[in-house]
Amino acid sequence: MYDVFITKASKYLPNEPVSNDEMETYLGYINEARSKAKSIILRNNKITTRYYALDKEGNPTHTNAQLTAKAIEGLFDENFKKSDMKLLSVGTTSPDQIQPSHASMVHGELNIGKSIEINTATGLCNSGMNALNYGFLSIKAGVQETAVCAGSERMSAWMTADKFNHEAENLILLEERPIIAFKREFLRWMLSDGAGAFLLENKARENEISLKIDFIDFYSYAHEIEACMYAGCEKQEDGSLKSWADYPSDEWLKQSIFAIKQDTKILDKYILVKGAESLRSSFDKHSLDPDSIDHVLAHISSGYFKEGLKEEFDKVGLDFPWEKWYYNLSDIGNIGAGSIFVALEELMNSGKLKKGERILLCVPESGRFAYSCSLLTVC
């Protein structure tokens, strides 16, 4: 078994940061009307700027594959050239197409000029960690000596007003808009575009910051809880999901079947409690002392959960003082599968890390409540 190190990190955030006041300039107004939910959601999530792969007319400026490729290109240097790539493992919630795979499209964008091993992890926020785990295990087992892993999102294209106009017209006629629209509109004011990438190697780099990956753990609670965040389907009264393939095509737009939606009642009930439960399991499994952690990078989807998450961690004996937390949600928004990559890139390149320090990564996924965590040691 080999040790595995993150030896370089890179990110790509498209275009200029978009302020709260500018969001509907890019995303558009549903039925030419200002959102009634926007101000409430933004006040709670505490996001002030985010990034969109759109221009001010709502036209796309990048694909997800292009965002990912640009993040990966920041990893190449004299010690690791593009021609040195052998394994590409990527994760996203928002691929540009159902098929081919996201990794295939990123491989094509990179123009490496040779065949490589590729892996695509799909899902929600944990897909980035799943992609990282594939690279981690490949190197640990000695199958590969290096791996490029990335997490990315291009959710803005899912959130433009034209995707909702037809449904909104029908909901107004049915006088149902205030209840149903919130479920569909909630995430319009939460999500951001961007990508982050890591280079993994089986040796640390001399005279440079490297992060040894001690472990990556995963937990799913789908056996206990129904779906909370979903797309390409509609939730039924019994909590089950009805697939887009089971709807006639003329219903896809009317009900915005492909819009990404969130059941906020279930979210509030479980997201923090299960996050604390899963992290406690990892600390017990690896006999870790909370005092040994120097930096906590928790992917928090909304500022609304920040205080509550710390409280839930405290309840299970994981008391991390605020000065140990690294938090960038307010500046870059929620990039889903890319968030933890971008946060670690910023910390890794900040000049603040010292040899021997330990970094804890925590990623929740509200799809059907799955969680991951990882421990890194600074070398």
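This is a guided tour of one predicted model, stop by stop.

**Before you start**

Residues are numbered from 1 along each chain as its sequence is written. In this predicted model, local features need pLDDT of at least 70, side-chain atom pairs count only at pLDDT 80 or more, and totals for chains, interfaces and linings use all residues, while side-chain values use heavy atoms, with hydrogens and water left out.

**Stop 1: colour by confidence**

Colour the chain by pLDDT, the predictor's confidence in each residue, from 0 to 100. The chain average is 93, and 95% of the residues score at least 70. Now select residues 172-180. Here pLDDT stays under 50. The model has 8 contacts beyond four places in sequence for this stretch; contact means heavy atoms within 4.5 Å. Where pLDDT is low, the predicted coordinates should not be read in detail.

**Stop 2: the open sheet**

Switch to cartoon view. Helices (H or I, at least four residues) and strands (E, at least two) are DSSP runs, numbered from the N terminus. Two strands pair if DSSP finds at least two bridges between them. Find the open sheet of 9 strands, with the order 5-4-6-7-1-8-15-14-13 and mixed pairing. Which strands stand at the edges? They are strand 5 (117-122) and strand 13 (295-298). Each has a single partner strand, so one side of each is left without a neighbour in the sheet. Neighbouring strands of this sheet are turned by 20 degrees against each other on average, direction ignored.

Next, select strand 1 (residues 5-12) and strand 7 (residues 194-201). They pair in the antiparallel sense over 7 bridges. Click on Lys8: its bridge partner in strand 7 is Leu199.

**Stop 3: helices on the sheet**

Select helix 4 (residues 102-110). This helix lies across strand 4 (87-92), strand 5 and strand 6 (146-153). Its direction runs at about 125 degrees to strand 4. Axes are lines fitted to C-alpha atoms, for helices over the stretch in contact, and angles run from 0 to 180 degrees between N-to-C directions.

Then take helix 10 (residues 264-285), which packs on the sheet. Helix 10 touches strand 8 (211-220), strand 14 (358-365) and strand 15 (370-378). It makes about 45 degrees with strand 15 in direction.

Stay in helix 10 and pick Ser282. Is Ser282 buried or exposed? It is buried, because its relative accessible area is 0%. Buried means under 20% relative accessible area, exposed over 50%, partly exposed in between (1.4 Å probe, protein chains only). Beyond its neighbours within four places in sequence, Ser282 is in contact with Phe215, Asp217, Tyr219 and Cys373.

**Stop 4: a covered helix**

Select helix 3 (residues 64-73). How many of its 10 residues are buried? The count is 7, so helix 3 is mostly covered. Asn64, Ala65, Leu67 and Thr68 are among them. The cover over the buried residues includes strand 1, strand 4, helix 4, strand 6 and strand 7.

**Stop 5: Leu87**

Move to Leu87 in strand 4. Leu87 is buried, at 1% relative accessible area. Not counting residues up to four places away in sequence, it touches Glu117, Tyr134, Gly135, Ser138, Gln144, Thr146, Ala147 and Val148. Leu87 and Glu145 are 58 residues apart in sequence and 9.2 Å apart in space, C-alpha to C-alpha.

**Stop 6: aromatic rings**

The whole structure holds 13 aromatic pairs. Rings of Phe, Tyr and Trp (its six-membered ring) pair if their centres lie within 6.5 Å; planes under 30 degrees apart count as stacked, over 60 as edge-to-face and the rest as tilted.

Show Trp244 and Phe258. Their ring centres are 5.8 Å apart and their planes are at 40 degrees, so the pair is tilted. Trp244 sits in the loop between strand 11 (241-243) and helix 9 (249-254), and Phe258 in the loop between helix 9 and strand 12 (261-262). Trp244 is partly exposed at 34%, and Phe258 is partly exposed at 39%.

Now show Trp322 and Trp325. This pair is tilted: 5.0 Å centre to centre, 55 degrees between the planes. Trp322 is partly exposed, at 31% relative accessible area, whereas Trp325 is buried, at 12%.
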